[in-house]
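This report is meant for someone meeting the structure for the first time. Please look over the sequence and the model before reading on.

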Amino acid sequence: MKNMSNLSIKNLKLNLIWPYLVIVVIAFVYALPQLNVRGIYVGADSSFHFNRAFEAMSRLKYLNFHNSQISLYGFNASGRIINALYGPGLGYFFGVVLLLTKSWLKFQLVTNFILTVGTISLSYWLFNKYSRQSVISLVFAIVLSLTSYWSISYWYLSSGGMSWGMMFLPLVIDAGIQMYINKNNPVNPLRLGIIMAVILESHMLSFVFSVGILIVFFTAAMIVSHNRVVLFKKSIFSAIISIGLTLGYWADYLIIIRSQSILSPFVNLNPRNLSSNLYQGLSFWLLIFSIVLIIALSGKLLSWQWLLFIMGLGFLIVASGPEILLDHWNSISFLRTVQFPMRFTLPGVYLLSFFVVTMLAQLLNQLSFKRSYTTAVSVGVILLASVTIKNVFLNYTSSNQQFWENGNYLESKFSIPNSNQKIDVQKKIQSRNREFEKSITVMNFEAPDYLPGSGSVYYGDKNYKIVNQNIISPVSRFNKHINKKGNLVVTWSQRNSHVINVPVVIYRQSLITFNGRKIIPESTENGVLKVMGHSGSNKVEVSIKVPLVVHIAKLGPIIVILTMLKIVVCKRGKR
């Protein structure tokens, strides 16, 4: 009996872990193109996230957290405010990985692996929790993650940060459903607060999408619930926890954004060109599956399943760029900031994939020979997706080969203006150990995101050219280093006295010392520092004034964590 008991426990453990073992194998397989070619994925946002990672890595390496809002090491050591406003938690996660790997190749291998395992695992966990069909849940999690460009491929091929925020969407969907179906404990405030804080620290748009999904579930739950007071109180408590854990971010954001005009990302004049097609790929098959299953199980849909279907369809309709919406796309501030309709695709396919899995589970539970039907459905789904999965894998190989074969492509992605730098771009990016830190010299980020300024930004306009003209191109004329105080120091020489633009960006909070004397700084309309340079050597020291309220806000996460630990300990003590 004891042996049989041990055997059943082992079988139970195997049944629980085998899907995750498959997921790990998939992550290793998808690392093969890079391991074989030893190329580096370079895409539209590579320079942005590489600079964010380098900035965070350097601060960790040198234990310099002074002037934490501005860029002292990355982004051409320009003093631009970026990491503080764009997913600071994710930026420091990248910094830790880069500090440990000291190689852009290894950095990508590690982050790609973590994202692949995390994305597929969390999708599988959500699907299986509500369907109890492990095979179908795993198949749909794999297909969703490997065929939708806006899932892991967006990070692999374009270094898009949205993939990291969307990785946690299954946890948000689960929290929303619990609001609706769990009458006694509709919200776990601690869990939901942490989830939303992690998403905000990863990617702002993912946070906005997550809040929107939760609002729909919360509103529906408030309508049908008989325990509205508990739902409302616990939701507010989770919001307080989330805000408390990210209080430093909110303080930085509000102080900087509210005290001056900051340029938004560039306006996409042709949103139609970057919209999804409802009648192609994963979106099409999910819609077909959904309609067939709704008909097959007419009258047996649960109300929360209708919510999944309606929200998923709504996201996909917006992603497809309907004419009535495109005509006003750039007139609506939120949509103008989102830029691309395609960014609505992934929440839509997540919600519809989950809907299809739960509906399939209901259908299979009504049929005999369930294992046979499950196998047939799973094989069919894999066959439908196999060509796309194969092409994605080949695209990864092609992208790695392009790193070695197309120097012009690399130069365009890193905005390299100097012909001497162009010769060494691949070598510098591939450098390791002592030479590794020099790689940042060929990783320029030219978009004017978060620069001071007013008006809209259009690709190639004067606002878009300011970084290349005033920060990247003049780099050879100036020397930059970080002093013992942790301030950015810029030195240069000039033959005679005249006004000169120094390649650093200043904000209203910036403190400037020029040739040993504190000055009230002047700048161009986009925040580039202007001084009257003296004949001979000149020196500028840049730091930033952090209000007391921001310093206090930085303690918010510590206070929240200590409070939560105290509550947990007290509850366990009572038990």
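Is the crossing of helix 5 and helix 6 left-handed or right-handed? In this model, which is predicted, the crossing of these two helices is right-handed.

**Helix packing around helix 6**

Two packed helices are described by the angle between their axes and the distance between the axes. For helix 5 (residues 104–131) and helix 6, the axes cross at roughly 145 degrees and come within 8 Å. On the side of helix 5 the residues in contact are Thr119, Ile120, Ser123, Tyr124, Phe127, Asn128 and Ser131, and they meet a set of residues in helix 6 that includes Ser134, Ser137, Phe140, Ala141 and Leu144. Sorted by class, this contact of helix 5 with helix 6 holds 9 nonpolar and 7 polar residues, with no charged residues.

Helix 6 (residues 134–147) also packs with helix 18 (residues 345–365), at an angle of about 160 degrees and with the axes 10 Å apart. That angle makes helix 6 roughly antiparallel to helix 18, and helix 6 passes helix 18 in a right-handed crossing. From helix 6, the residues Ile136, Ser137, Phe140 and Leu144 take part, and they meet Leu346, Val349, Tyr350, Ser353, Val356, Val357, Leu360 and Leu364 in helix 18. By class, the contact of helix 6 with helix 18 has 10 nonpolar residues, 2 polar residues and no charged ones.

**Salt bridges**

| Pair | N to O distance |
|---|---|
| Arg59 and Glu55 | 2.9 Å |
| Lys61 and Glu437 | 2.3 Å |
| Glu323 and Arg272 | 2.4 Å |

Arg59 and Glu55 both lie in helix 3 (residues 46–62), where they are 4 residues apart, about one turn of the helix. Arg59 counts as buried because its relative accessibility is 1%, under the 20% cut-off, and Glu55, at 2% relative accessibility, counts as buried too.

The salt bridge between the side chains of Lys61 and Glu437 has one partner in helix 3 and the other in the loop between helix 21 (419–430) and helix 22 (462–472), so the pair ties together parts that are 376 residues apart in sequence. Lys61 is partly exposed, with a relative accessible area of 40%, and Glu437 counts as partly exposed at 25% relative accessibility.

Glu323 and Arg272, which also form a salt bridge, link distant parts of the chain that are 51 residues apart, with Glu323 in helix 16 (residues 323–326) and Arg272 in the loop between helix 13 (247–259) and helix 14 (281–296). Glu323 is partly exposed with a relative accessible area of 46%, and Arg272 is partly exposed with a relative accessible area of 44%. Elsewhere, Lys129, Asp174 and Arg191 are linked in a network of salt bridges.

**Positive phi values in two loops**

Asn76, in the loop between helix 3 and helix 4 (88–101), has a phi near 60 degrees, a positive value in a residue other than glycine. Asn76 counts as buried, at 17% relative accessibility. Ser159, for its part, lies in the loop between helix 7 (149–158) and helix 8 (162–166), and its phi is near 55 degrees, again a positive value in a residue other than glycine. At 2% relative accessibility, Ser159 counts as buried.

Conventions: Residues are numbered from 1 along each chain as its sequence is written. This is a predicted model: local features need pLDDT of at least 70, side-chain atom pairs count only at pLDDT 80 or more; totals for chains, interfaces and linings use all residues. Side-chain values use heavy atoms; hydrogens and water are left out. Axes are lines fitted to C-alpha atoms, for helices over the stretch in contact, and angles run from 0 to 180 degrees between N-to-C directions. Angles under 35 degrees count as roughly parallel, over 145 as roughly antiparallel, 65 to 115 as roughly perpendicular and the rest as oblique. A crossing is left-handed if the near helix is turned anticlockwise from the far one by less than a right angle, and right-handed if clockwise. Contact means heavy atoms within 4.5 Å. Ala, Val, Leu, Ile, Met, Phe, Trp, Tyr, Cys and Pro count as nonpolar, Asp, Glu, Lys and Arg as charged, and the others, Gly among them, as polar. A salt bridge is a side-chain nitrogen of Lys or Arg within 4 Å of a carboxyl oxygen of Asp or Glu. Buried means under 20% relative accessible area, exposed over 50%, partly exposed in between (1.4 Å probe, protein chains only).
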